[in-house]
Amino acid sequence: MTRILVINPNSSASVTAAIDDAVAPLRIAGGPEIEVVGLVEGPPGISSQRDADSVVMPLVNRVSHDDADAFVLACFSDPGLHAVREAAGGRPVLGIAECGIFRALMLGERFGVIALSPSSIRRQQRMARVMGVDSRYAGSWSVGASAAETAGADIRGRLIEAGRALVTQCRADVVVMGCAGMASHRAAIAEAIGVPVIEPAQQAVAAAVGAVLLNT
(Lines give C-alpha, C1' and ligand atoms only; values in the text may rest on other atoms or scores of the structure.)
Protein backbone atom coordinates (compact mmCIF):
# COMPACT_ATOMS: atom_id res chain seq x y z
CA MET A 1 0.00 0.00 0.00
CA THR A 2 1.28 3.48 -0.83
CA ARG A 3 1.77 5.96 1.99
CA ILE A 4 1.91 9.73 2.43
CA LEU A 5 3.79 11.01 5.46
CA VAL A 6 2.53 14.35 6.78
CA ILE A 7 5.06 15.94 9.14
CA ASN A 8 4.16 18.67 11.59
CA PRO A 9 7.60 20.27 12.16
CA ASN A 10 6.74 21.39 15.68
CA SER A 11 6.34 19.26 18.79
CA SER A 12 2.77 20.33 19.67
CA ALA A 13 0.56 17.25 20.00
CA SER A 14 -2.60 19.38 19.70
CA VAL A 15 -1.47 20.81 16.35
CA THR A 16 -0.59 17.33 15.06
CA ALA A 17 -4.04 16.09 16.11
CA ALA A 18 -5.71 19.04 14.37
CA ILE A 19 -3.86 18.24 11.15
CA ASP A 20 -4.82 14.58 11.41
CA ASP A 21 -8.50 15.52 11.78
CA ALA A 22 -8.30 17.98 8.88
CA VAL A 23 -6.97 15.42 6.40
CA ALA A 24 -9.32 12.62 7.46
CA PRO A 25 -11.71 13.20 4.50
CA LEU A 26 -8.81 12.47 2.14
CA ARG A 27 -8.41 8.92 3.46
CA ILE A 28 -10.36 7.34 0.61
CA ALA A 29 -10.95 3.72 -0.32
CA GLY A 30 -8.19 2.57 -2.63
CA GLY A 31 -6.12 5.66 -1.88
CA PRO A 32 -2.80 5.92 -0.10
CA GLU A 33 -2.41 5.63 3.65
CA ILE A 34 -2.06 9.10 5.19
CA GLU A 35 0.11 9.15 8.31
CA VAL A 36 0.42 12.35 10.36
CA VAL A 37 3.32 12.74 12.78
CA GLY A 38 4.94 15.50 14.80
CA LEU A 39 8.62 16.27 15.04
CA VAL A 40 9.71 15.41 18.57
CA GLU A 41 12.87 17.48 18.31
CA GLY A 42 11.01 20.50 16.91
CA PRO A 43 10.09 23.63 18.90
CA PRO A 44 6.58 23.98 20.39
CA GLY A 45 5.71 26.22 17.44
CA ILE A 46 7.40 27.76 14.40
CA SER A 47 7.18 31.39 15.45
CA SER A 48 10.39 32.82 13.98
CA GLN A 49 12.78 32.30 11.07
CA ARG A 50 15.21 30.77 13.55
CA ASP A 51 12.55 28.22 14.55
CA ALA A 52 11.94 27.40 10.89
CA ASP A 53 15.65 27.02 10.19
CA SER A 54 16.14 24.80 13.25
CA VAL A 55 13.94 22.02 11.87
CA VAL A 56 15.46 21.80 8.38
CA MET A 57 18.03 19.10 9.12
CA PRO A 58 15.68 17.04 11.35
CA LEU A 59 13.19 17.08 8.47
CA VAL A 60 15.87 16.11 5.97
CA ASN A 61 16.98 13.24 8.20
CA ARG A 62 13.43 12.04 8.75
CA VAL A 63 12.62 12.00 5.05
CA SER A 64 15.95 10.42 4.11
CA HIS A 65 15.21 7.42 6.32
CA ASP A 66 11.52 6.97 5.53
CA ASP A 67 10.10 4.92 2.66
CA ALA A 68 6.90 6.94 2.19
CA ASP A 69 5.77 7.58 -1.38
CA ALA A 70 5.18 11.31 -0.77
CA PHE A 71 5.68 13.85 2.00
CA VAL A 72 3.83 16.94 3.21
CA LEU A 73 5.52 19.60 5.36
CA ALA A 74 2.64 20.79 7.52
CA CYS A 75 3.89 24.20 8.60
CA PHE A 76 3.01 27.43 6.83
CA SER A 77 6.67 28.47 6.73
CA ASP A 78 7.39 25.48 4.45
CA PRO A 79 10.64 24.97 6.40
CA GLY A 80 13.42 23.29 4.44
CA LEU A 81 11.16 22.60 1.47
CA HIS A 82 13.89 22.56 -1.16
CA ALA A 83 16.41 20.69 1.01
CA VAL A 84 13.77 18.07 1.84
CA ARG A 85 12.93 17.71 -1.86
CA GLU A 86 16.57 16.91 -2.51
CA ALA A 87 16.56 14.36 0.31
CA ALA A 88 13.39 12.71 -1.01
CA GLY A 89 15.16 11.58 -4.15
CA GLY A 90 12.40 12.48 -6.60
CA ARG A 91 9.46 11.53 -4.40
CA PRO A 92 6.88 14.34 -4.14
CA VAL A 93 7.33 16.80 -1.28
CA LEU A 94 4.54 19.35 -0.81
CA GLY A 95 4.68 22.46 1.34
CA ILE A 96 1.36 23.59 2.74
CA ALA A 97 2.03 27.29 2.15
CA GLU A 98 2.82 26.79 -1.54
CA CYS A 99 -0.22 24.57 -2.02
CA GLY A 100 -2.55 26.82 -0.05
CA ILE A 101 -1.48 29.95 -1.90
CA PHE A 102 -1.69 28.31 -5.33
CA ARG A 103 -5.21 27.11 -4.52
CA ALA A 104 -6.20 30.61 -3.40
CA LEU A 105 -5.02 32.03 -6.72
CA MET A 106 -7.53 29.76 -8.47
CA LEU A 107 -10.43 31.16 -6.44
CA GLY A 108 -9.86 34.89 -6.45
CA GLU A 109 -7.72 37.82 -7.52
CA ARG A 110 -6.29 38.76 -4.12
CA PHE A 111 -5.52 36.47 -1.19
CA GLY A 112 -4.87 37.32 2.43
CA VAL A 113 -3.35 35.21 5.17
CA ILE A 114 -4.42 34.82 8.80
CA ALA A 115 -1.05 34.93 10.57
CA LEU A 116 0.00 33.82 14.02
CA SER A 117 2.20 36.81 14.85
CA PRO A 118 3.97 39.88 13.41
CA SER A 119 7.08 37.76 12.77
CA SER A 120 4.91 35.34 10.80
CA ILE A 121 3.75 38.26 8.65
CA ARG A 122 7.33 39.11 7.71
CA ARG A 123 7.95 35.52 6.57
CA GLN A 124 4.69 35.51 4.60
CA GLN A 125 5.57 38.78 2.87
CA ARG A 126 8.93 37.32 1.90
CA MET A 127 7.31 34.10 0.69
CA ALA A 128 4.86 35.97 -1.54
CA ARG A 129 7.74 37.90 -3.06
CA VAL A 130 9.89 34.79 -3.62
CA MET A 131 6.94 32.92 -5.16
CA GLY A 132 6.32 35.86 -7.50
CA VAL A 133 2.72 36.35 -6.35
CA ASP A 134 3.16 39.55 -4.35
CA SER A 135 0.99 41.51 -6.83
CA ARG A 136 -1.97 39.35 -5.75
CA TYR A 137 -1.07 39.23 -2.05
CA ALA A 138 -3.49 41.47 -0.13
CA GLY A 139 -1.59 41.09 3.15
CA SER A 140 -1.57 39.16 6.41
CA TRP A 141 -3.37 39.81 9.69
CA SER A 142 -1.97 38.58 13.00
CA VAL A 143 -4.04 36.99 15.75
CA GLY A 144 -1.15 37.12 18.23
CA ALA A 145 -1.27 33.44 19.16
CA SER A 146 0.89 30.36 19.38
CA ALA A 147 0.41 27.35 17.12
CA ALA A 148 -0.99 25.30 19.99
CA GLU A 149 -3.56 27.98 20.85
CA THR A 150 -5.01 27.88 17.34
CA ALA A 151 -6.19 24.29 17.83
CA GLY A 152 -8.49 25.32 20.69
CA ALA A 153 -12.04 26.67 20.56
CA ASP A 154 -11.33 29.94 22.41
CA ILE A 155 -9.46 31.54 19.52
CA ARG A 156 -12.20 31.18 16.90
CA GLY A 157 -13.52 34.71 17.39
CA ARG A 158 -10.06 36.21 16.85
CA LEU A 159 -9.60 34.14 13.70
CA ILE A 160 -12.92 35.38 12.35
CA GLU A 161 -11.99 38.99 13.18
CA ALA A 162 -8.68 38.57 11.33
CA GLY A 163 -10.41 37.05 8.31
CA ARG A 164 -12.96 39.85 8.25
CA ALA A 165 -10.22 42.48 8.45
CA LEU A 166 -8.42 40.90 5.49
CA VAL A 167 -11.62 41.17 3.45
CA THR A 168 -12.78 44.64 4.52
CA GLN A 169 -9.47 46.44 5.06
CA CYS A 170 -7.03 44.60 2.79
CA ARG A 171 -9.55 43.77 0.04
CA ALA A 172 -8.80 40.05 -0.02
CA ASP A 173 -11.35 37.90 -1.80
CA VAL A 174 -9.82 34.62 -0.62
CA VAL A 175 -8.35 33.93 2.84
CA VAL A 176 -5.66 31.37 3.59
CA MET A 177 -5.21 30.02 7.12
CA GLY A 178 -1.58 30.60 8.07
CA CYS A 179 -1.11 27.73 10.52
CA ALA A 180 -2.00 24.05 10.26
CA GLY A 181 -3.43 24.14 13.78
CA MET A 182 -6.29 26.40 12.60
CA ALA A 183 -7.87 23.61 10.53
CA SER A 184 -10.98 22.98 12.65
CA HIS A 185 -12.09 26.61 12.31
CA ARG A 186 -12.17 26.79 8.50
CA ALA A 187 -15.91 26.34 7.93
CA ALA A 188 -16.88 28.78 10.71
CA ILE A 189 -14.54 31.47 9.39
CA ALA A 190 -15.81 31.04 5.81
CA GLU A 191 -19.43 31.30 6.94
CA ALA A 192 -18.72 34.40 8.99
CA ILE A 193 -16.71 36.37 6.41
CA GLY A 194 -18.44 35.29 3.21
CA VAL A 195 -15.41 34.44 1.06
CA PRO A 196 -13.57 31.16 0.41
CA VAL A 197 -11.20 30.09 3.20
CA ILE A 198 -8.33 27.75 2.36
CA GLU A 199 -6.99 25.20 4.85
CA PRO A 200 -3.49 24.62 3.41
CA ALA A 201 -2.73 21.21 4.94
CA GLN A 202 -5.81 19.79 3.24
CA GLN A 203 -4.73 21.27 -0.08
CA ALA A 204 -1.19 19.89 0.21
CA VAL A 205 -2.37 16.42 1.17
CA ALA A 206 -4.92 16.45 -1.67
CA ALA A 207 -2.09 17.30 -4.08
CA ALA A 208 0.05 14.51 -2.60
CA VAL A 209 -2.79 12.01 -3.02
CA GLY A 210 -3.09 13.00 -6.65
CA ALA A 211 0.67 12.77 -7.18
CA VAL A 212 0.78 9.27 -5.70
CA LEU A 213 -2.28 7.95 -7.55
CA LEU A 214 -1.13 9.41 -10.87
CA ASN A 215 2.56 8.62 -10.26
CA THR A 216 3.58 12.18 -11.10
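Two strands are said to pair if DSSP finds at least two bridges between them. Helices (H or I, at least four residues) and strands (E, at least two) are DSSP runs, numbered from the N terminus. The model is predicted: local features need pLDDT of at least 70, side-chain atom pairs count only at pLDDT 80 or more, and totals for chains, interfaces and linings use all residues. Residues are numbered from 1 along each chain as its sequence is written, and side-chain values use heavy atoms, with hydrogens and water left out.

Strand S5 (residues 111–115) pairs with S6 in the parallel sense, over five bridges. Within this pairing, Ile114 has Trp141 of S6 as its bridge partner. Val113 stands opposite Ser140, also in S6. Both strands belong to an open sheet of four strands. Its order is S6-S5-S7-S8, and the pairing is parallel. Strand S6 (137–142) and strand S8 (197–198) form the edges, each pairing on one side only.

Five of the five residues of S5 are buried, so the strand is largely enclosed by the rest of the structure. Phe111, Val113 and Ala115 point one way from S5. Gly112 and Ile114 point the other way.

The chain as a whole has ten helices and eight strands. Of its 216 residues, 56% count as buried. The radius of gyration, taken over C-alpha atoms, is compared with a globule rule of 2.2 Å times the number of residues to the power 0.38. For 216 residues a compact globule would have a value near 17 Å; the chain has 16 Å, which agrees. Along its principal axes the C-alpha trace spans about 45 × 35 × 35 Å. Contact means heavy atoms within 4.5 Å. Among contacts between residues at least 6 apart in sequence, 70% join residues at least 24 apart.

Two residues were examined for backbone geometry. Most residues other than glycine have a negative phi. Asp78 has a positive phi, near 45°. Asp78 is placed in the loop between strand S3 (70–73) and helix H4 (81–87). With a relative accessible area of 7%, Asp78 is buried. Asn215 also has a positive phi, near 55°. Asn215 lies in the segment after helix H10 (200–214). At 71% relative accessibility, Asn215 counts as exposed.

Methods: Buried < 20%, exposed > 50% of the residue type's maximum accessible area, 1.4 Å probe, protein only.
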